[in-house]
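My entries follow in the order in which I looked.

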Amino acid sequence: MTAEVEASDAQADEIPPAPKGFLRRFVFSIDHKVIGRQFLFLGLGFLAIGGVMAMLIRWQLARPGAPVPLVGKLLFGPAGGVISPAAYTALFTMHGTIMIFFAVTPVLIGGFGNFLLPLMLGARDMAFPRLNMASFWTMFAATAVLTASFFVPLGPPEAGWTAYATLSTAIGAPGPGQTLWVVAIYLNGASSVMGAVNYITTVLRMRAPGMTYLRMPLTVWGFFLTSILNALFVPVLAAAMVLLFFDRVLGTQFFIAGTTPGAGGDPILYQHLFWLFGHPEVYILILPAWGIVGDLLAFFARKPVFGYRVTVGSLIGVVVLSTVVYGHHMFTTGMSPLLGESFMLLTMIISVPTSLLVLSWLGTLWRGAIRTATPMLFCLGMVFTFGVGGLTGLYLADITADMYLHDTYFVVGHFHLIMASALLMSLFAAVYFWFPKMFGRMMNEGLGKLHFWLTFVPLNLVFMGQLVIGYEGMQRRLYDPSVYDFLKPLLPLNRGISHAAYLLGAAQFIFVLNFFWSLAAGARAATNPWEVGTLEWTVASPPPHHNFDRIPIVVRGPHELSHPAARLLGRDWLGQAEVIEPAPAPSEPAGPAPAPGEPA
Amino acid sequence: MHIVLPRDASLDGHLVDGAIGYLTLTTGIAFAAALGFLLAALIFHRARAGRTRGHHTHGIRSRDRALMFTVALVMFVAIDVTLALRTSRDLETRFWRYPDADPTALRVEVTARQWAWTFRTAGPDGRFGTADDVVTLNELDIPVGRPVYLKLRSRDVVHSLYLPNFRTKIDAIPGMTTRLWFQATETGRFEIACAQFCGVSHYKMGGLLIARPEPDYREWLARAETDSRLRYDQATATGAWDWETGK
């Protein structure tokens, strides 16, 4: 212990001076808090763009071929304000690409990961601050290339966000737009890998004294495991992009088949590479969300996480399993029976750690003293949508059911319940929860709660509606479903989904208003407004440049809420680095003493 | 609102519907139980005056852990394992047992391209690429009561032959031959669709499957063969590949 104290004193002496000058402070900053905010704003901006695209897609499905009101003439002028099949194709391609790679990834991993990791671990910055800056600017370059792809001859990328070969090769997409898409995804991946290496090293090497792995907040676990998956599997995507680039630009034939079977390249190789990355990607995005929700449920239920070790074990189990299940995306490619059945079984096994996770959440809530502040509402909403989204995944893991449901709107509904609903819910929970720490002001509770209800209800209507139309047989990515007689009766339902989607879109203005109004004029945030014990709440809001005046020495886990010993202090929580004065021999115990072996 | 699957006109479609129904029932029960528990916690364990502290437990007593693992395992066995066994049986006895040895099976070569389907049936000589082949565009004619055995190729990008009324689909992939079999139990006209996004006019890549009673089908086939012979052109035969080597 003494050695640790000395180490901490030594660190206290090397507080780096805060940079001066506008560029160093706000643009090319190496401060993880500034980079985190940069990622946050970049991602939120693209979230808005991707959201507008979703609204246009829903307009076309509600009223196929009708001119788009308000913005139609501006966006689709040559077509008289009507979304053409080519424009529709570009819209859903870019909606998927932007939402996954340029909205959720930067906000959640780049934004919150950056801002929170050093603060939660008790460090002054990331392990590699300059690499961190490079990660952001590489992402920025990726967004520039992606934006450029809208304005090239032959139009924007039109091969879907999955860009299956051979549609994404010169055979199906001859224009430069698709090539720019490939470059943008490659750069985006490079940014993710830089971040991942940095996050992993930070967790391994920069934890404050006493911050053992099993004392880390679940949020940190989420980002840590996500980074491991990113470091392992984003390079696979990068490999696919390099080969696709060669096929497009240099005339190679990695993914282009010859005229006879067995000769030339193999389009299925692309699918293997893409989903070998693509399925872990789902977990790359959901793991931080699970971590955040795990922590916040405990914070607002005023209880420790129920089964912390089981939760961490489940997260690790999901990470391991996520690497061997990707084949369920390819059941209809005629894969070998042995492979198909193995992938089916492996996919189903993931439901074990996932249900343990949900049980831990429910156990945490039970016998708590639940405070329903805005972040908590979004967490509870996340639990609900994740339940529906997770369970509908089983339909697609089952080969028999997948023969019918594959490539229908059932798939779209399922992954939007996870990727859009559960992720968006936890993303909003994170914004409402850490906004005070990031910007030093509280967000408005009333507007927050209104935003929650106007998001939660339409969101579920939209994506559960998609499950229904998929169940009734409608394929994804159809410009005009009424081409098929069997889909004609679904038009009223499609229209209903679209109306719910418009409401969902409109409700986000409440968030934008709340965000910017609070930024300018919200109530000043105290150091620890939510009364919780993790380390980021021991420093000022917003934290000073060097985070901690003295590196804290951690003595207990992150969720010591309603702790009996805290009663003497007149509150119900204990900080992770809080040393309690030895109480004068208590005549009567203040509450049941923690059982031996509990993480103190 | 009436939520229904498209009409099932196939011999084995009920197995697909059965799997979907089983999943809806079991996951519905699991979800309802979890949601009930969540709502109960929200109703009974909300913070209020006189109740500001939660029960301090880390949930690490052996009883807590046993409970969590039991619930997770019971769910896994009741839903996943049961379903996987059932699916595995159906795949091996029905869906993946291709009628290679069945002389009554109708064999069809399917060629997919942006954005149309070509169906080629061997004529009475049973060989593909000869003058009596019957080739149809975006129309698949089949008899009721006999297995239909399709082998598919694509000439440009990945497509997917989707038969909603037969509860099945299979991709058509450049450089590969994929296969699918099904059997109609009802006569009628059913829609064929492309399920895999294949470019700008993907949404128009539909077709018609016409299932006729055996005598009507034979009559149609005789007529179509006569037409084919009359119009036979060596150049059109190049669209075929050899069924036997095209595995």
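**Helix packing in chain A**

I began with handedness, and found that H5(A) passes H7(A) in a left-handed crossing, where left-handed means that the near helix is turned anticlockwise from the far one by less than a right angle, and right-handed that it is turned clockwise. I note at the outset that this is a predicted model, in which local features need pLDDT of at least 70 and side-chain atom pairs count only at pLDDT 80 or more, while totals for chains, interfaces and linings use all residues. Residues are numbered from 1 along each chain as its sequence is written, and chains are lettered from A and ligands numbered from 1 in the order in which they are written.

The helix and strand labels are DSSP runs numbered from the N terminus, with helices (H or I) of at least four residues and strands (E) of at least two. I then looked up the geometry of the pair: the axes of H5 (residues 85–121) and H7 (residues 176–205) of chain A come within 11 Å and cross at roughly 20 degrees. The axes are lines fitted to C-alpha atoms, for helices over the stretch in contact, with angles from 0 to 180 degrees between N-to-C directions. That crossing angle makes H5(A) roughly parallel to H7(A); angles under 35 degrees count as roughly parallel, over 145 as roughly antiparallel, 65 to 115 as roughly perpendicular and the rest as oblique.

Which residues meet here? On the H5(A) side I listed, among them, Phe101(A), Thr105(A), Gly113(A) and Leu121(A), and on the H7(A) side, among them, Ile185(A), Ser192(A), Gly195(A) and Tyr199(A), contact meaning that C-beta atoms, placed from the backbone, lie within 7 Å. The contact of H5(A) with H7(A) divides into 9 nonpolar, 7 polar and no charged residues, where Ala, Val, Leu, Ile, Met, Phe, Trp, Tyr, Cys and Pro count as nonpolar, Asp, Glu, Lys and Arg as charged, and the others, Gly among them, as polar.

Next I took H3 (residues 32–62) of chain A against H5(A), whose axes come within 7 Å and cross at roughly 155 degrees. That makes H3(A) roughly antiparallel to H5(A), and their contact has 25 nonpolar, 9 polar and 1 charged residues. The crossing of H3(A) and H5(A) is left-handed.

For H8 (residues 218–249) of chain A and H10(A), I found axes that come within 11 Å and cross at roughly 15 degrees, which makes H8(A) roughly parallel to H10(A). This crossing is right-handed. Residues making the contact include Trp221(A) and Leu225(A) of H8(A), with Leu315(A) and Val319(A) of H10(A), and by class there are 9 nonpolar, 2 polar and no charged residues.

**Where the chains meet**

The contact takes 85 residues from chain A and 77 residues from chain B. The largest share of the chain A side, 9 residues, comes from H12(A), and that side has 46 nonpolar, 23 polar and 16 charged residues.

On chain B I looked at H2 (residues 62–95), which has a kink of about 35 degrees centred on Val77(B); the bend at a residue is the angle between axes fitted to the seven residues ending there and the seven starting there. Its buried residues include Met68(B), Asp80(B) and Phe95(B), and what covers the buried residues of H2(B) includes H10, H11, H12, H13 and H14 of chain A together with H1 (13–44) of chain B.

**Backbone details**

Arg302(A), in the loop between H9 and H10 of chain A, is not a glycine but has a positive phi near 55 degrees. Is Arg302(A) buried or exposed? Arg302(A) counts as buried because it has 26 C-beta neighbours inside 10 Å; the cut-offs, for C-beta atoms placed from the backbone, are 20 or more others within 10 Å for buried, 12 or fewer for exposed, and partly exposed in between.

Asn138(B), in the loop between E3 (134–137) and E4 (139–143) of chain B, also has a positive phi, of about 55 degrees, and with 14 other C-beta atoms within 10 Å it is partly exposed.

I noted a cis peptide bond from Ser541(A) to Pro542(A), with omega near -10 degrees, and a cis bond from Gln114(B) to Trp115(B), with omega near -5 degrees.

How values were computed. Two residues are in contact if their C-beta atoms, placed from the backbone, lie within 7 Å.
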